[in-house]
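This briefing concerns the nonpolar core, the aromatic contacts and one backbone feature of the structure shown below.

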Amino acid sequence: MRTLVFKVDGQSIYPNSPSDIGGLVAGTSGYIKAKFLFSDDWKACAKVVAFNSIDGKEFEPRAIDAENSCYISEEALEYHEFEMKVLGKGIGGYTITTRPIRIKQFGGKK
């Protein structure tokens, strides 16, 4: 299993290290997880990750578990590039969303 690590600081998301998201190959399924390192803004939030293709096709969001990780959508992993962002709902009703991050892979649908 491969784990891609992302830092989530307020409304920004970025790779923990540039090498963390390099060398991906399209068509993988059930093998790639995303792990998130959250800033304090996110502590009291229920969190999900939204995925979409570059042309705007949305895929089923994934809940982030108690270990701050989830599997990356198999549908997104079919594409040459996809985007993901994190959304949270906090105690007291506030919501927080990151900007999307673009992930590139070798091969896949354009």
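**Core and aromatic contacts**

In this predicted model, the largest nonpolar core has 27 residues, of which Phe6, Phe36, Met84 and Val86 touch the most other members. Two or more residues of this core come from each of strands E1 (2–9), E3 (32–38), E4 (45–53), E7 (81–90) and E9 (101–104). E3 gives the most, with four residues.

**Surroundings of valine 86**

- Beyond its neighbours within four places in sequence, valine 86 is in contact with residues including Phe36, Phe38 and Trp42.
- Ile13, Ile64 and Ile96 are also among the contacts of valine 86.

**Aromatic pairs**

- The structure holds five aromatic pairs.
- In one of them, the ring centres of phenylalanine 36 and phenylalanine 38 are 5.8 Å apart and the planes are at 35 degrees, so the pair is tilted.
- Phenylalanine 59 is buried at 9% relative accessible area, and tyrosine 79 is buried at 9% relative accessibility.

**Charges over rings**

- The charged end of lysine 33 sits over the ring of tyrosine 71, 5.1 Å from its centre.
- Lysine 47 lies over the face of phenylalanine 38, 4.9 Å from the ring centre.

**Backbone at asparagine 68**

- Asparagine 68 lies in the loop between strands E5 (58–63) and E6 (69–71), and its phi is positive, near 60 degrees.
- Most residues other than glycine have a negative phi.
- Asparagine 68 counts as partly exposed, at 23% relative accessibility.

Methods: Residues are numbered from 1 along each chain as its sequence is written. This is a predicted model: local features need pLDDT of at least 70, side-chain atom pairs count only at pLDDT 80 or more; totals for chains, interfaces and linings use all residues. Side-chain values use heavy atoms; hydrogens and water are left out. A nonpolar core is a set of buried Ala, Val, Leu, Ile, Met, Phe, Trp, Tyr and Cys residues joined through side-chain atoms within 4.5 Å. Buried means under 20% relative accessible area, exposed over 50%, partly exposed in between (1.4 Å probe, protein chains only). Contact means heavy atoms within 4.5 Å. Rings of Phe, Tyr and Trp (its six-membered ring) pair if their centres lie within 6.5 Å; planes under 30 degrees apart count as stacked, over 60 as edge-to-face and the rest as tilted. A charge sits over a ring if NZ of Lys or CZ of Arg is within 6 Å of the ring centre and within 35 degrees of the ring normal.
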